Number of protein chains: 2
Amino acid sequence: MKVLIVHAHPEPQSFTTALRDLAVETLQGQGHQVQVSDLYAMNWNPVASAADFTERQDPDYLVYALEQRLGAKNGGLAADIQSELDKLLWADTLILNFPLYWFSVPAILKGWIDRVLVSGVCYGGKRFYDQGGLAGKRVLVSLTLGGREHMFGEGAIHGPLEDMLRPLLRGTLAYVGMDVLPPFVAWHVPYISHAAREEFLVAYQQRLSGLEGDQPLAFPRLQQFDERLYPLPQA
Amino acid sequence: MKVLIVHAHPEPQSFTTALRDLAVETLQGQGHQVQVSDLYAMNWNPVASAADFTERQDPDYLVYALEQRLGAKNGGLAADIQSELDKLLWADTLILNFPLYWFSVPAILKGWIDRVLVSGVCYGGKRFYDQGGLAGKRVLVSLTLGGREHMFGEGAIHGPLEDMLRPLLRGTLAYVGMDVLPPFVAWHVPYISHAAREEFLVAYQQRLSGLEGDQPLAFPRLQQFDERLYPLPQA
C-alpha cells in the first residue's frame, strides 16, 4: 500500500500523535510506503482564498471551485495545495488522524479538505460518490475524543457517532469516491489511565495490520438515481 | 435583540455577502443592535494552538480545553479570541452566515468555533445541551449551497440536510445551550438567475422580520439522562 497520513494535533506529545507514530511504524514494518502530512508542524494554511491560485479565470469575482478546476488543469494551484494533492493522488490509502473538535475535524484539517480536495480532480459534475475522482482509494478515519462510548449510539445523549461524522464520512470522503472504512475511535482519551491507552494502541495496531481486508461502509451509488439525481424506483 | 453575525465568505461581492448585508439592514431597521464579525476581512486565525493563551497551566503539554478554562478565568485568552467571546456573550442572537463547504462550515468559521466556544464559559462538566453556558441565546444558521433542493431529504442522494448539519446544529450550537432555529437555506446559488436570487433575498428578509417568533428545533435535555449520562426510562 501507499499510505498518506494526514495528522492534525497541536500537541506533539499527544496520544493522537502516538497513534500516528504507531501507524507509520506498523505500516512500514509491513512493507508499505508511508508519507505523513503533519498539518501543525507544516504550519498548514487552512483558509481557502483567492491567494490559492497563481492565475485566475475571473480575477474580479472568486468562484472557488471554478478556479480550482482551472488551476488543476493549468498548474495554477498554490504550491502548498499542489504538494498535498500530489501526495493524495500518489496514495492508495488515506488516514485522517485527529482529535474530535466539536464532533468534527479541527479547523486546520477542515482547511486541508477545503483546499486539497480540488474540484475537477477529486469530484465535479456527475463525478461523485461511487463515481468520484478518488474512486479506488481507501480511507480510514482515526480519531480520539473526550466522551465515553456509552454517550454515543441509538438513544444515547449524542446519538450515533457515525451520524455526527456524516458530513465527513459521507459528505466528503465517500463523496470523492473513496472506500470509507469504519472509523477507529479511542474514547475518553484525556481521562483514562496509561494502561487503557496502551490497550487502544494494541487495538489500533491490530486494526492497521488487517486494513487491507477491511470492508468499507455503504453509501449511495449514482446508478440508484436518474439523470437529474432523483431517486430511481428500487428494483 | 442584540445580534452577532459571523460571516465567512472569501468573495466580498458574493450572494452570501448580500445575505449578510440584508440581515444588517433589516435587523437595524427593526431597531435591533447588530455587530458583524467578517472573518475573511478580519484575517481571522482559525488554528487552535498553544499561542492562544498568554499563560499556561501546563507549559509542557497542551490540553486545549483545560487551558481555555484557565484562560477564561484569568483573562489569559489571546486578544482575538477574547474579543470574539465578548461579542458572543453580548449577543442574545447569533447568525452564522456562510457557504456550505463539504456539507459543513468553511475552515475559517470552524476555527471560530474551535477557538471562541471556550470551555468553562460556553460548556464544561455537565453544562451542555439545555444546561449549556449559552442557554437563553438563539442562533440562526444562514447558508448558501450549490446543490439543488431535491438532492436533499429522506431518500434523496445526500439525505436530509439537517442530518449533514448535525455536528453543527446539535453537536455545537445546541451543545452550548443555544436555541437553534431552523436553518435558512439558499439552494443552487452559483447557477441560478438574478431573479431567483432576489426571491431568496425576499424570503430571507421575511424570515429575519419574524425571527423573534421562530420556534427552535428540539434536541436532547439532560433531565432525560442519569448522572452518568445513560438514558433514563421514558415516562
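Predicted model: local features only at pLDDT ≥ 70, side-chain atom pairs only at ≥ 80, totals over all residues.
Local features need pLDDT of at least 70, side-chain atom pairs count only at pLDDT 80 or more, and totals for chains, interfaces and linings use all residues; side-chain values use heavy atoms, with hydrogens and water left out. Residues are numbered from 1 along each chain as its sequence is written, while chains are lettered from A and ligands numbered from 1 in the order in which they are written.

Start with the two copies. Contact here means heavy atoms within 4.5 Å.

A cavity is a set of points, on a 1 Å grid over the protein atoms alone, where a 1.4 Å probe fits but cannot get out. Points are joined across faces, edges and corners, and a volume is the space filled by probe spheres set on them. The count is 1 cavity of 30 Å³ or more. The largest cavity has a volume of about 220 Å³. It is lined by 22 residues, and A:Ser104, A:Pro167, B:Ser104, B:Val105 and B:Pro167 are the closest to its centre. Lining residues have an atom within 4 Å of a point. Helices H4 (107-116) and H6 (166-174) of chain A, and H4 (107-116) and H6 (166-174) of chain B, each supply at least two lining residues. Helices are DSSP runs of H or I with at least four residues, strands runs of E with at least two, numbered from the N terminus. The lining has 16 nonpolar, 4 polar and 2 charged residues. Ala, Val, Leu, Ile, Met, Phe, Trp, Tyr, Cys and Pro count as nonpolar, Asp, Glu, Lys and Arg as charged, and the others, Gly among them, as polar.

H4 of chain A also packs on H3 (residues 79-90) of that chain, at about 85 degrees with the axes 10 Å apart. H3(A) and H4(A) are therefore roughly perpendicular, a label for angles of 65 to 115 degrees. H3(A) contributes A:Asp80, A:Ile81, A:Glu84, A:Leu85 and A:Leu88, and H4(A) contributes A:Trp112, A:Arg115 and A:Val116. These contact residues divide into 5 nonpolar, no polar and 3 charged. Axes are lines fitted to C-alpha atoms over the stretch in contact, with angles from 0 to 180 degrees between N-to-C directions.

Finally, the chain end. A:Met1 lies in the segment before strand S1 (2-7) of chain A. A:Met1 and A:His32 are 31 residues apart in sequence, yet their C-alpha atoms are 5.0 Å apart.

Definitions and conventions:
1 Å grid on protein atoms, 1.4 Å probe; cavity = no way out; pocket = protein on both sides within 12 Å on 5 of 7 lines; lining within 4 Å. Parallel < 35°, antiparallel > 145°, perpendicular 65-115°, else oblique.
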